[in-house]
Amino acid sequence: MPTIVHLASEMVPFSKTGGLADVVGALPVALAKQGHTVAVMVPAHRTHLHDGVPGTPVASVEELGIRGQVFAGEHQGVEVLLLDAPQVFVRPSPYAVADGDYPDNPIRFAFFVRAALRLLAQRSPIDVLHVHDWQAALAPLLLHHPATSLPWRQRPRTVLTVHNLAYQGLFPPWTLDAAALPRELFSMQHLEYFGQVSFLKGGIVAADAVTTVSPTYAREVLTPAFGCGLEGVLAQRADSLVGILNGLDTTVWDPATDPHLPTPYRVRNVLSGKRAAREAVARELGLAPGVRPLAGMVSRLVEQKGVDLLTAAIDDIVALGFDIVILGSGPRRWEELLATAERAHPGRVRVVLGFHDPLAHRIYAASDVFLMPSRFEPCGLGQLIAMRYGALPVVPPTGGLADTVVDADSPHGCGIVFSPTTSRALLAALARARHLLGTPEELARLRRNAMRRDFSWSTSARQYEALYQRLLES
Ligand code: ADP
């Protein structure tokens with residue numbers, strides 16, 4: 001059984017800004033359950049210097065003049081290596097504050113990758129180094145470059161998973177010197193991207209295999225509409241590019257055992273379970289009394305997620321008879337527009353800005369429909385969670401949404417699929433939803449289909465396992 005190490009910036013339960021953290025918290029656990037020896041290395045992101053880092057200190061590292069300490073711990077059969085470096089990882093949030101990204105992001109994550117490679121080289125043999133997103137994407141490139149290579153006993157095969165091509169780690173050319181990256185890497189074949197340094201491109205060109213998080217997105221990224229400028233680079237790797245759908249951590253996301261819900265529920269008592277959650281959310285957030293259907297959204301509030309489509313349609317959605325609860329954060333512009341909509345519909349629209357995990361659980365449970373009008377969606381976890389909690393996702397057929405949500409018209413229907421991705425089509429979809437919600441047998445069928453879908457990690461983990469095996473045999 002191969003030894004696998006994952007390198008990523010976030011991992012549940014240690015840090016999270018989005019779906020990446022869910023994946024890195026669950027895929028390694030699923031691989032370990034299948035008998036592999038698995039470790040994950042992540043930065044010890046924390047907001048305050050006095051917050052403790054879990055685990056025991058096992059090594060010190062120094063790269064780019066930044067000192068760090070590695071803490072080792074365990075999470076459900078997986079070894080976790082947390083890289084603590086207060087100078088770069090003690091921040092209000094991992095990458096940015098409302099005013100923008102931290103300017104030293106390239107240094108922070110070049111440090112992370114270099115420190116990780118140094119530590120892992122001492123611990124080899126490692127069969128597969130699986131890196132995630134731009135924050136870890138330099139690893140396959142630096143692993144092979146003579147100027148940065150280390151004395152590995154056995155150089156691992158590398159896999160890069162791109163969770164969202166819109167985040168590329170694009171930085172000015174001075175980054176090269178500041179991150180001690182060999183200058184010859186500033187070329188079309190490596191890191192250079194229209195005069196800038198692209199960490200993600202470096203990983204795409206150098207990794208032995210590149211994956212994305214759904215089969216449809218793996219096809220979409222080869223087109224200009226979805227490739228975010230990297231479609232040509234990806235096309236050159238098309239033979240090594242595969243789409244593997246994310247699973248869900250079904251121990252964390254399970255309405256039958258969820259400690260954040262007032263009444264846990266399964267298919268057979270879904271009505272009472274969701275009613276209790278609805279009442280709890282109404283009390284918690286001050287929704288006006290009544291039995292109107294609830295449309296929920298838990299998301300980063302950015303254009304990718306269709307926040308602009310939603311704000312344009314919000315008055316009409318309320319007019320259709322829905323109450324709306326939105327939990328998320330994003331650029332000020334969208335937060336302000338949503339706050340204005342909230343003021344316009346007191347008790348009917350509630351917008352909670354910030355990141356609140358327990359409330360997110362309750363919103364999934366309380367919602368009748370889950371709004372996810374994404375323009376593109378590499379995989380998406382929100383719709384998977386919503387289905388498991390019996391909230392029907394309302395989605396366009398893009399990326400992972402196309403691969404996971406079946407429209408209500410089908411016998412396997414478990415959500416509402418609309419097209420094109422416009423406010424008008426979103427509104428028409430919600431009018432359809434309103435009708436379905438008013439038809440008890442139809443609603444029961446759709447909810448049953450949704451809640452019984454198998455989104456566990458074991459299927460996806462087996463696909464990754466097969467990929468590792470192919471690489472090790474090549
Ligand atoms: P992303 O593109 O942000 O990764 P996903 O749908 O793949 O989107 O995953 C988002 C994850 O983050 C889900 O688990 C969702 O519940 C969670 N999430 C997003 N925003 C918030 C928030 N404001 N508070 C709590 N959880 C959130």
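An open sheet of three strands has the order 10-12-11 and antiparallel pairing. Strand 10 (170–171) and strand 11 (192–193) are its edges, each with a single partner strand, so one side of each has no neighbour in the sheet. Two strands pair if DSSP finds at least two bridges between them. Helices (H or I, at least four residues) and strands (E, at least two) are DSSP runs, numbered from the N terminus.

This is a predicted model, where local features need pLDDT of at least 70, side-chain atom pairs count only at pLDDT 80 or more, and totals for chains, interfaces and linings use all residues. Residues are numbered from 1 along each chain as its sequence is written, and side-chain values use heavy atoms, with hydrogens and water left out.

- Strand 10 and strand 12 (residues 196–198) run antiparallel and are joined by two bridges.
- F171 has V197 of strand 12 as its bridge partner.
- Helix 7 (residues 199–206) lies across strand 10, strand 11 and strand 12, at about 55° to strand 12.
- Contact means heavy atoms within 4.5 Å. Axes are lines fitted to C-alpha atoms, for helices over the stretch in contact, and angles run from 0 to 180 degrees between N-to-C directions.

- A second open sheet has nine strands in the order 3-4-5-2-1-8-9-13-14, with mixed pairing.
- Strand 3 and strand 14 (241–243) are the edge strands, and each pairs on one side only.
- Neighbouring strands here are turned by 25° against each other on average, direction ignored.
- Strand 4 and strand 5 (residues 78–84) pair antiparallel over seven bridges. F71 stands opposite L82 in strand 5.
- Helix 1 packs on this sheet and touches strand 1, strand 2 (37–43), strand 4, strand 5 and strand 8 (128–132). The direction of helix 1 makes about 160° with that of strand 2.
- Helix 3 (residues 105–123) also packs on the sheet, touching strands that include strand 3 and strand 8. The direction of helix 3 makes about 130° with that of strand 5.

**Strands 18 and 19**
- Strand 18 (residues 369–371) and strand 19 (residues 392–395) run parallel, joined by three bridges. V369 stands opposite L392.
- In a regular strand the side chains alternate between the two faces of the sheet.
- From strand 19, L392 and V394 point one way and P393 and V395 the other; all are buried.
- Buried means under 20% relative accessible area, exposed over 50%, and partly exposed in between (1.4 Å probe, protein chains only).

**Backbone exceptions**
- Most residues other than glycine have a negative phi, and most peptide bonds are trans.
- The V12 to P13 peptide bond is cis, with omega near 10°. P13 sits in the loop between strand 1 (3–7) and helix 1 (19–33).
- The S419 to P420 bond is also cis, with omega near -5°. P420 is in the loop between strand 20 (416–417) and helix 16.
- L64 has a positive phi near 50°. L64 lies in the loop between strand 3 (56–63) and strand 4 (66–75), and counts as partly exposed because its relative accessibility is 27%.
- A180 has a positive phi of about 50°. A180 lies in the loop between helix 6 (175–178) and strand 11, and at 40% relative accessibility counts as partly exposed.
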